[in-house]
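Please look over the notes below with the sequence and the model open.

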Amino acid sequence: HILSHYNHKHKYISLEFNVKNQLKFTNRPDNTAFTQQRLPAWQPILSAGIVIPGFVLIGLAFIGVGVALFVTSRSIQVLERDYTGDESGTPCASCANSNVQNSFGFCFPQSQGPVFFYYGLSNYFQNYRRYGTSKDDNQLYGVLKYFTSPSDNCAPYAYNSNNQPIVPCGSIANSMFNDTFKLYQTVNGTRQEVSLDGKGIAWWTDYNIKYRNPTNNPLKDAFNGTVKPIYWSKPAYELDTSDPSNNGFVNQDFLVWMRRAALPDFRKLYRRISQDKYPDGLPAGNYSLEITYNYRVYRFSGKKKVVFSNVSWMGGKNEFLGIAYLVVGSMCVFMSIVMLIVYAKFKFPDEE
Amino acid sequence: MTHLVGCVSAEEERRVRANDREYNEKFQYASNCIMTSKYNIITFLPVNLFEQFQEVANTYFLFLLILQLIPQISSLSWFTTIVPLALVLSITAVKDATDDYFRHKSDNQVNNRQSQVLIRGSLQNEKWMNVRVGDIIKLENNQFVAADLLLLSSSEPHGLCYIETAELDGETNMKVRQSVSVTSELGDPNNLASFNGEVVCEPPNNKLDRFSGTLYWRDKKYSLTNQNMLLRGCVLRNTEACYGLVIFAGPDTKLMQNSGRTKFKRTSIDRLMNTLVLWIFGFLVCMGVILAVGNAVWEREVGSLFQSYLPWDPPVDNFLFSAFLSFWSYVIILNTVVPISLYVSVEVIRLGHSYFINWDRQMFCSQCNTAAEARTTTLNEELGQVEYIFSDKTGTLTQNIMTFNKCSINGQSYGKYFIHVVFVCLSGERLDFTPFNPLADPDFCFYDDKLLESVKVGDSCTHEFFRLLSLCHTVMSEEKSEGELIYKAQSPDEGALVTAARNFGFVFRSRTPGTITTTEMGRTVTYSLLAILDFNNIRKRMSVIVRNPEGRIRLYCKGADTVLLERLHPCNQELMSITSDHLNEYAADGLRTLALAYRDLSEDEWEAWSESHRFADKATNCREDRLAAAYEEIEQNMMLLGATAIEDKLQEGVPETIAVLSLANIKIWVLTGDKQETAVNIGYSCKMLTDDMTEVFIISGHTVQSVRQELRSVWLCTSTIVFSQSTLGGAGKQLHGSPPPLPLPLSNVMDNISGEFALVINGHSLAHALEADMEAEFVSTACACKAVICCRVTPLQKAQVVELIKKHKKAVTLAIGDGANDISMIKSAHIGVGISGQEGIQAVLASDYSFSQFRFLQRLLLVHGRWSYLRMCRFLCYFFYKNFAFTMVHFWFGFFCGFSAQTVYDQYFITLFNIVYTSLPVLAMGIFDQDVPDHRSLEYPKLYEPGQLNLLFNKREFFICIAQGIYTSVVLFFVPYAVLSSATQSTGVPLADYQTFAITTATALVIVVSVQIALDTGFWTVFNHVFVWGSLGSYLIIMFALHSQTLFRIFPNQFHFVGSAQSTLLQPVVWLTIALATAICIVPVLAFRFLKLDLKPQLSDTVRYTQLVRQKRRKPVGRNAGGAWRGMGSVSEGRLGTRGGSRRSGYAFAHQEGFGELITSGKNMRLSSLALASFASRHSSSWIDTLRRKKHTHTPPSTSGECSPIK
């Protein structure tokens, strides 16, 4: 009897409890993994079992890549010639003083694959902030409105002294590199011109999207009322009269120049050694280069050079990358040994 | 809350004429409309922006923005600054607007409350905001007082009315207010309408307990005091209606005057961060100067010669001016070392942590339906650095619930002690009183049926014992319906005794000034009450003299054993010694004891004493003393009945919490207003004091000299023992012999080896100890002790003690309390915690965090605080690292671009780097990261120490982060530099053009910082995965989008980088470069971390590792693992051991005078039991809560009954 009484009482209490619970726990926070900070989680720990093999693997991978890079880089031939010409003993010792054509000869070893012909400038600050902004993108996109009123960014090369707008305006365009080169191969004492391919040396997007000529036909009409940049010898619409698709703002040399360099010593692609005649690269032999020397760099002690190089899958010669990979890889392997020793000696306090 | 008062300073005195609006309008007093909101729709934008630009950081970015508009300086487009700035401003604005919206809402709610105003002789309903100074308003029972009123008349006799001031000062007991006698006679509205008295009083102020003024009426002066005032925020109780004259309205009320702007608390990390930001500014200027000098040199040596291709800008005519411009340009591009997103991110993280606190179910109290609440969202990480806790006692450590636990009747002890009431209840041992006594209180627990048997068989001593308990008290009863009795006691222990008597068949039913009606074993008996010999602190006892229906006069007395046992009849010797043993036993259990006795009085004795009593009562001078003497006279030769033992119930888990917290090296000081005995008693029962302690020092000197003497001896004692134990050599030798003149330098040593000492200091001694010349000594002495208890302290002293520790120890302090008397300390401590319990909500309103159980403190500190600190530190380390890595690349580039402030990256990248590409992963880490799971941090309290020692983020760590960031920037610049300068695409096109370089560096940067955050993240939740991978993905997607032809075609002038992403990222050399840079940046960090983990593992690493090992082995998780760090073994096992000896009996009454006088005078006796119902039904629709806080918080639990443990 007593038992049943207790049971009854119990029921009563628990019933009351339920009702109370419903009323009472209205403010109780939700029981979700998120609110209770119990989200399932991966908790990595730098354990020896992961770190040491990891280091060994990374090290080996880097060494492998490094060796590959190093070997590849070694196989690439590069020929560099300074032709600034303000020092005697250099290939073009008198170039600086005359505007005329000069030439010098050199030997080129046999190369694999097509050879690229670069010109290089040093101590030349295409990456100067003001230099970089000194252009009018709308104008270069072929918007005629900006031909007559170039952007302020172009100052002081927006208008000439007669207040005529300059097209293309700005320092970059104005300072366009204008030396020209002709390459001759001396075969059996006769000079044979090596045909140079100027197509496709600029970025695809620059050529097809970023720079546009106005739709005027002939192109010259668009330039009515404008003047050529001060340092230019001919206006933009005459950059390559032979090929309308290489003229005006989409002239490849112009595009190459307009893509400004990140560093004060830079190379720019001048020409590709024509593929139809030399598909496997330049044969070994004697060559001479004829330079029309227009571009002045000696005032700011700049240097000019020409570079011939072939490329591999990883681009041109680049010893640094291979060596860096080898060094980093070896460091990793070395560190893994050190860590192994440390680990063996001061074993992580296991469960105590 | 800023727009409080406009013209306080102007007002020197206030003149108010009743029922005369025209007259009162002359003074332009504030109306009763309150406005805590800051803005309205029109003013929001300008005012909010103005406020935001008062922040230094925002102004700084505005300044940068202006700089960027100068073309010669602008090295970045305007949007790189304006986008983040606009984002930050709008986030803050939205937050402010939401806050203000809620303030508007609560203002409206309050302003639109109805109140009855007497206008032109009739009562009219008016909104609160239309009530004017000088109006007479009518209040009804349970209504909030609308403004500060002068009580004119009430429905009760003598113009009395009762108010509850819980909203105002947190005290839940009722207070009596009385009107001036001339106005109390006015009574009804008709008379009041013609009342034209004028009140001249003090101007508005914030002193709640003070008021002085004068009422001029009919050419007479009546002085007014606080006793005549009803303050806004009070609730009328127990009074049908009353009329009051509005003296202060709206913002002038004492309530609003008190709710001024609270002191803004900053965390130590905040302060450190501000210092560091200043340093970084300094660093920024240095970098700017270096680069400007570089620019000057470059322009002179190179730039001037390079002019044929790049002429200087028109305003620049020499290299110095160019350098000057370059300085500002560099300030602009290097400004990202102090990213604007820092402050916002910190706020977001803290907000997240606050929500986690609010959401924590383990800090939810199911009994009172209250979840923990982070009321301040800016202090979370400081919770991980607490070193000192200052705790209140009543309501914080204890529940302020007294339960009748044991008793000794005529030498026989009854009752068993159980600590876990809940389990016992379910096991069914609890006595069931209902069949025996229909009037029994169902909540009452007792566990010994012998006593009930004894009552049932009619043992006379037992009956007399409970009769005494049912008669000798000042409890008021109310009976809403038959048998539904509710007692209203001045102190909870008195209530417990009367309830006990009620359950054992001696039910106190009701009282009148001259009678007490009880139901004794089912029979209604009415005693005539002849006298109440009320309690006070000196007497430590109270008595009643009653005449029973048979006409016998008997004095019943209950009181502290020490006092009462002296006044017994000699024939009680034997019983006394048995009872005394029982008392010792009870005291050893930490119970509060009382001895009970009676004395039969003959009619003559009564008459004689009654005469002397009347005489003493009428005495004009020394009335108190004479009364005491009269009482003393009759309380003699009493017969001992027995003793009661009442448990002052500790809150659940208090001893365990204290044990865990002290293992975490947190020092706990109890600051209580209670008496020394009670405080010490509680100290023992919550294990702050133990009998293992070497010594418990008690300082109770009354003079400066004696206090100093006592402190010195304590110091000497602790230091001798400590130094004789330790081998500190030199330091120890110096100390021996003479007491040290200024022991401060040694206090650090003392901290580390604080032995098992405890210090108990009394309020009056504390006053001396807190004086300037002694405070250093006091601090070092007190800190040498493991436990410190300050008893009998005033609220002000509580704050002083906190300030003292803040000043001398440079430690983070936390104050926890529940009552209005704790507010000062809650406000002055670094962190204030309010217990949302029974004593009103005042403490909660002042606090930064609130929850309802003391034991949640361990979770708040050891889990939430620790995590917050850890996360914040990791966040800051990473954040500074990231921004230095990001920004310093520009510095290195400066040397190669003629110091021209050319950025390395695309401008869009600079704009988005901090707010899109890298913000979310670090936020996820800052919000979700955990090093060890929560139960581990409770298991190993030592894990808390890094926070206290400030190890995870300090100046050293900061420099390490910066160094790492700079190293990364060097790698990120020079590796691409070395690789790309001579690299070409496989099509022969050189890679060294600016855009390729920019993209390579930027991609490498994003990858490196992502790998770094992946390394730093210790807890990869789904959010971390999504954010880390998402950020990398978004970087690629956004970059490709920005470099796409579509966008370029629309804005050819804006997107110079068209096609660069494809062109660059298709090159294997670029990826090789990125991989190389990443490896060079990350490998050393990995190696360093691994070695550190192996050579110098942190405790958290060990715990984490152990856990990992265990998981791997799939062993059942043993709770014994962890060895050396595991500290809290046996804390939770039941009643902790037995304490021998020291008997700590405490007198169980509250130390205020009781209602005795009011009862006998009959003033508070009411005729209608209707209004009495209000005693119980206390609605606390706490509008003041909403008023003061922008956020609506739930209604706090009001009556103590609701919070009692589950039955």
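The points below cover the interface and then a sheet in chain B.

1. Basis. This is a predicted model, in which local features need pLDDT of at least 70, side-chain atom pairs count only at pLDDT 80 or more, and totals for chains, interfaces and linings use all residues. Residues are numbered from 1 along each chain as its sequence is written, chains are lettered from A and ligands numbered from 1 in the order in which they are written, and side-chain values use heavy atoms, with hydrogens and water left out.

2. Extent of the interface. Chain A puts 98 residues into the contact and chain B puts in 119 residues. Contact here means heavy atoms within 4.5 Å. The buried area between the two chains is about 9800 Å², and carbon and sulfur atoms give 63% of that area. Buried area is the accessible area (1.4 Å probe) that two parts lose on being put together, summed over both.

3. A:Arg259 and B:Asp993 form a salt bridge, with their closest N and O atoms 2.8 Å apart. The term requires a side-chain nitrogen of Lys or Arg within 4 Å of a carboxyl oxygen of Asp or Glu.

4. The chain A side. Several elements of chain A each supply at least two residues to the side that touches chain B, among them helix 1 (2–24), helix 2 (48–74) and strand 7 (266–273). Helix 9 of chain A gives the most, with 10 residues. Helices (H or I, at least four residues) and strands (E, at least two) are DSSP runs, numbered from the N terminus.

5. A sheet in chain B. Four strands of chain B form an open sheet in the order 1-8-9-10, with antiparallel pairing. Strands pair if DSSP finds at least two bridges between them. Strand 1 (14–17) and strand 10 (220–225) of chain B are at the edges, each with a single partner strand, so one side of each has no neighbour in the sheet.

6. Strand 9 (residues 212–217) of chain B runs antiparallel to strand 10 of chain B, and six bridges join them. B:Leu215 has B:Tyr222 as its bridge partner, and B:Trp217 stands opposite B:Lys220. Two residues lie between these strands in the hairpin, and B:Arg218 in the turn has a positive phi of about 50°.
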